[in-house]
Amino acid sequence: MYVVTFYSFKGGVGRTQALVNVGVELVKRGRRVLLVDFDLEAPGIDTYQIAHSPAPTPGIVEYISAYIRSGIAPDARDYMYESRLAEATGSLWVMPSGLQDDSYGSQLTGIDWVNLYEKHDGYLLMEDLKLQWDRLAAPDYVLIDSRTGHTDVGGICTRQLPDAVVVVFFPNHQNLVGLSKVVSDIRAEATGPRQKSIGLHFVMSNVPVLDDEEKILANHERLFRETLGYKQLTAVHRYESLSLLDQVVFTSERPNTRLAREYRKLADIIIESNVQDREGALAFLSRLEAHHHEIQKQGLTPEVIEGRIAGAQAAHPNDPDILLAVATLRVRHARWKEAIPLLNRAAAGGLESADLWLARGEAKFFADDQHSAAEDLARVLNSPDAEHFHLVRAFGLLRQANPNILRELGRSRGISALNFESQLWIAIQLDQGEEELLAAEGILRNLSTSPQVDQEVLQEAEETLCLRLIGLRRFDEAIEKLKSLSDQGIKTAFNLAMAVWGKTLVAPVDLFAAVLDLDRQAGESSLTGPNYDQCLALACAIAGSKDDAMTRVASARTGVVAHAAFVYSCWRYQTTGIQEFMADLDELSRFITEGDPLPLVLREGNVRSQSESN
C-alpha cells in the first residue's frame, strides 16, 4: 500500500481534480485505489460522478467523533464504500469526509486535533486506520485529499500518513511563502525521530495558456524551484475549457486532451516512485539504468536511489525481471560479485534472455571467471532476442575470454535475426585474429547469398569478404571474388595485387604499378589515412620507387598518431593496435630497403590453411 497526499496551500488550484483523475487512471491500469477526503472544511471527492456513494456513508469526521466518544477505534468498513467504474480492471474505494447533514459542522468543530494527539493517542489512531485500509480494501494506492494552509490535519496528511506528497500550486508569492514552511517540514521527517523519507512531486497548476514574452512565468517558476529546492517540475497542469465546470474526469471522458496526458504523466511518476508496484519498480530501474542523469534531476540523492533499489529487490525477491534489472545496475557500477547471485536467481526463476546472459557473462568476466563467462557470452550469440548491442558487447568480451567460440558467430541465431546492415557492421568489426576472420567469413557468405540483401549492402559485404579471405590466406578464392566485383577501383586493384602475390609468392609489379596509376588519376580525390599510406608505400616499393615508399611510410607514422586506438593494417590484413601498426611499418621499412621480410599475411604459418580451418 502506497499512500500519496495531494496538498495545496491555497484552494482553487485543481488539487482534488488532479487526485480524482490520477485515481481513475490508476484504476484503469488495474490498480486497487482508495480515495480519502481529508479536506474536511471543503470536501469535494464525492462530488465527482465516479465517486458518488451508492448510499449515504459516514466518513472521516464521524470516524474520529466515534473514537473520541468511545476511546475505541471504529471498524473502518462502516466509513468506506466501493465505487464501480465501467471498463476498469482495478477497483475504486472512497472514504469520504463525512455525511453532509445538519450534524456535520458541529461534529467537525468538536474535534480538537491537538487534544486528540496529546491525550487520546491520535497518532496511533491514524496508524490503526492505515492498517484497516490495508486489511479491508487492500489498496495498491491510497490518495489523500488534504486540507489547505497550515493546519493540524495538514500535518497528519503531509507527514504522518503519506509515502509521497504531490504539491499542487499556482506560482504566485502567497503560495510560495505558504509552501516554504510545509515543504521544509516534510523534508525534516527524514532526519526526525521516525527517519521517514517522504517523496515530493511539484505540480504547477492553473497556469494560463499565454505567451510568456516577458519571462514572467519562467521567473516565477525559477523562484519556486530555488526556494522549494526541487530540480524540475513533475508536471504542469493548464487547460482552458468549460468542461472544468462539469468536473469532467479527463483521463476517462476526455483521454486525448492535453490535461489527460498530464494526469497520466503524474500517474506514471507516482507508480515509478512505488517500488512495491512491480511495473513501477521495473520502470524506475530501467530508467535509472538508461537515464541516470535524468533521475538525478528529480532531486533524488544517491542514498534515496540506493534505498529504492534495495526496496525493489526486497519487495520482489523472486521476480526474475526485477532481479535482472537490479543486477544490471550492479554490473554498470562494477559491483560484479553482487550482481552474479542475483543473475543466478533470475536464471533459476526461468528467465532466459540476451540481457541476462550478457549481464552475467560480463559480471563473471570482470570477476575473473573467464571460462564460465565465455559460456554465458556464447549464449548471447544464440539468443533469439539478441540485438545489435548485445552481440557487439558479447563478442568484444569473447575476444578476450575465449576467442575460439567466435568461429560460431556466423552460424548463431542471434546474428541471423538481425537486419542486414547490423550483420554487415558486426562482420566488419570481426577482423582481429583468425577466429574472428572465420566468424566474419560465415556472416559475409550468408549475406552474399541472401536474395533480400540490397545492392549497397551486398557490394560492401563482398568487398569485406575479399579482405577476410586474404587475411585467411585463401588467395585463390579471394582472386576469383575480386575479379567479379563491380567496383574495380583502387581498393580492389590493391587487394587483387596482394592476393596474386600471396598465391604465386612473386610480387606482381604490373598490378602494383596499376594501383599507383589509379592513385595518380584520382589526384586530390584519392583516399587518405595511415592505412592508405601504408598500402601505397608497399605498392611504391614493389614498383621500384623506394623514396616515394619511405615518404608514404613517414606519412603513415604521422597519421596514425592522431588516429583512434585501432587501425587496419594491410601488412597483416587485420585491425591492430597503434603499437602493432608501428611495428608493421618498421617491417615495411626494412622490406623497402632490404627486400625482407615479406608482409605478415603472406608468411607460411600465419594462419591455418583452408583444409585445417574446415
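**Notebook: side-chain contacts**

I started with E226 and R222, which form a salt bridge whose closest N and O atoms are 3.3 Å apart. I count a salt bridge when a side-chain nitrogen of Lys or Arg is within 4 Å of a carboxyl oxygen of Asp or Glu. I am working on a predicted model, where local features need pLDDT of at least 70, side-chain atom pairs count only at pLDDT 80 or more, and totals for chains, interfaces and linings use all residues. Residues are numbered from 1 along each chain as its sequence is written, and side-chain values use heavy atoms, with hydrogens and water left out.

E226 and R222 are four residues apart in helix α8 (residues 216-228), so about one helical turn separates them. Helices (H or I, at least four residues) and strands (E, at least two) are DSSP runs, numbered from the N terminus. E226 is exposed at 53% relative accessibility. R222 is partly exposed at 34%. My cut-offs: buried is under 20% relative accessible area, exposed over 50%, partly exposed in between (1.4 Å probe, protein chains only).

I looked up E279 and R31, with closest N and O atoms 2.7 Å apart. E279 is in helix α11 (residues 278-290) and R31 in the loop between α1 (15-28) and β2 (32-37), so this pair ties together parts 248 residues apart in sequence. E279 is partly exposed at 41%, while R31 is buried at 9%.

Next I checked R552 and D533, which meet in a salt bridge at 2.7 Å, N to O. R552 lies in helix α27 (residues 546-561) and D533 in helix α26 (residues 530-543), so the pair ties together parts 19 residues apart in sequence. D533 is buried at 9%; R552 is partly exposed at 23%. I also noted a network of salt bridges linking E25, K28, R29 and D268.

**Aromatic pairs**

I pair rings of Phe, Tyr and Trp (its six-membered ring) if their centres lie within 6.5 Å; planes under 30 degrees apart are stacked, over 60 edge-to-face, the rest tilted. The count is 12 aromatic pairs. Y2 and Y141 are edge-to-face, 6.0 Å centre to centre, with 80° between the planes. Y2 is in strand β1 (residues 2-7) and Y141 in strand β5 (residues 141-145), 139 residues apart. Y2 is buried at 8% relative accessible area, and Y141 is buried at 0%.

Two of its members, W501 and F512, are buried.
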